[in-house]
Amino acid sequence: MSDTDRRFMRLALTLGARGLGNVWPNPAVGCVIVRDGIVVGRGWTQPGGRPHAEVRALAQAGEAARGATAYVTLEPCAHHGHTPPCAEALIAAGVARVVTALTDPDPRVAGRGHAMLRAAGTAVTGDIEAEAARRVNAGFLGRITRGRPLVTLKLALTLDARIATATGESRWITGPEARRRVHLMRARHDAVMVGSGTARADDPDLRVRELGVSRQPVRVVADSRLGVSPEGRLGRTALETPVWMLHGPQASPSARVAWSSTGAELIECATDPLGRIDIGDALGQLAARGLTRVFCEGGGGLAASLVRSGLADRLAVFSAGRLFGADGTAGLAAMGVTRLGAPDWHLTGVEQLGADLLHEWQYSQGV
C-alpha cells in the first residue's frame with residue numbers, strides 16, 4: 001500500500017460521504033481518476049443512487065481516463081440493474097488500474113466486479129483505507145450483512161440526563177448551534193425515527209430545514225396502536241415527504257384507514273409481550289425497504305429499547321447547562337441494569353456547539 005494510493009482513496013472517501021442520506025438503498029461511493037499524478041475525474045453517487053460514482057468520474061475524465069488509475073471506495077458493480085455495470089464502464093474507458101477500499105458484500109457483486117476487471121487485463125488493488133471505508137458505508141454494509149440499518153441515537157439532555165421538565169416542557173433544552181447540527185445529522189441519514197410518545201407530545205415535523213437538501217429523510221414513527229393523531233403535522237405533510245408508521249397487529253381498522261388516507265405507508269411489525277413494537281423486527285422491515293441509516297430522536301421508551309437490545313450503533317449526546325432534577329423526564333426509560341460490566345460504549349468525538357457539548361459514542365460491539 002503506497003502513500004499515494006492512501007491519499008487518493010481518502011479523497012474518494014470524502015467525495016463518497018457527500019451521498020450519505022441521499023442515495024439509499026445504494027451505497028455512498030466516491031471515485032477519483034488519476035493520470036500521471038493529476039486528478040482528471042471525480043464523482044460520487046448521485047441522489048436516488050444514479051448515476052454511480054464511476055460513471056460521473058469517467059464522464060469528467062473523458063479520454064484522459066485511458067491508461068489512468070481509478071480509486072473507488074467500493075468494488076465496482078458487476079450486474080445490470082437500472083444502469084449497466086460500472087466494471088464494464090471502467091474497462092470500456094481503458095482504465096489501466098483500479099484501486100478499491102472494499103469488496104461489495106451484495107451477492108450480485110461479491111467479487112464479480114474485481115474478477116471482471118482482472119479478466120479484461122485491468123490491474124486491481126484492494127483493501128486500501130478499508131477501515132475508513134467501512135465507517136462511511138456502515139449503514140449499507142449492515143443492511144446487506146446484518147439485515148438492518150445503522151442506527152444513530154440522538155439524545156438532547158440536561159446535565160442530569162433529563163429531556164423535559166416536571167411539566168413536560170422540552171423546547172428548547174439545547175441552543176441554536178446544537179439544533180442546527182441535528183438538522184445536518186438528519187440530512188446524512190435516510191430516515192428520522194421517533195416513538196409515539198414524542199410524536200404525541202411534540203407534534204414534530206422531523207424534516208431538514210435551512211440546509212437546502214435535495215432529498216428529505218423518510219419520517220418513521222413507532223406506534224404499536226396507531227394512537228398518534230393523523231391530523232398532526234406528520235399526517236398533514238405525508239404526501240409531501242414520506243411518513244412510515246410502524247404499528248402492531250393490534251392497531252384498529254379505523255386507525256389504519258385514517259393514517260392510510262393521509263398518504264402514509266403502514267408497516268405492520270411484531271410486538272413484544274407488553275404490546276410494544278419489536279424494535280428488531282421493525283429495523284428489519286426498514287432494511288427490507290432499502291433504508292441503510294436511521295437517526296432516532298427518541299423518546300425515552302424507544303431509546304431504551306434500542307440500547308437494551310444492542311441495536312443502537314452510535315450515540316450523539318447533546319448536553320446543555322441545565323438541571324431539572326429527579327422530577328424531570330429521564331432521557332432513557334427503565335433499563336433493568338443491575339450490575340456493572342465492561343463499558344458498552346467508547347467515545348469517538350467531543351465538540352462544543354455554542355453553549356452546549358456534543359459527545360459522540362460508538363457501541364463497543366457495533367460498527
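Q: What makes Trp-244 count as buried or exposed?
A: Trp-244 has a relative accessible area of 7%, and buried means under 20%, exposed over 50% and partly exposed in between, with a 1.4 Å probe and protein chains only, so Trp-244 is buried. Trp-24, with 12%, is buried as well. The model is a predicted one, in which local features need pLDDT of at least 70 and side-chain atom pairs count only at pLDDT 80 or more, while totals for chains, interfaces and linings use all residues. Residues are numbered from 1 along each chain as its sequence is written, and side-chain values use heavy atoms, with hydrogens and water left out.

Q: How many aromatic pairs does a search of the whole structure find?
A: The search finds three, where rings of Phe, Tyr and Trp (its six-membered ring) pair if their centres lie within 6.5 Å, and planes under 30 degrees apart count as stacked, over 60 as edge-to-face and the rest as tilted. One of them joins Trp-24 and Trp-244, 6.3 Å centre to centre with 85° between the planes, and is edge-to-face.

Q: What makes the charged end of Arg-18 count as sitting over the ring of Trp-44?
A: The charged end of Arg-18 is 4.5 Å from the centre of that ring, and the criterion asks for NZ of Lys or CZ of Arg within 6 Å of the ring centre and within 35 degrees of the ring normal.
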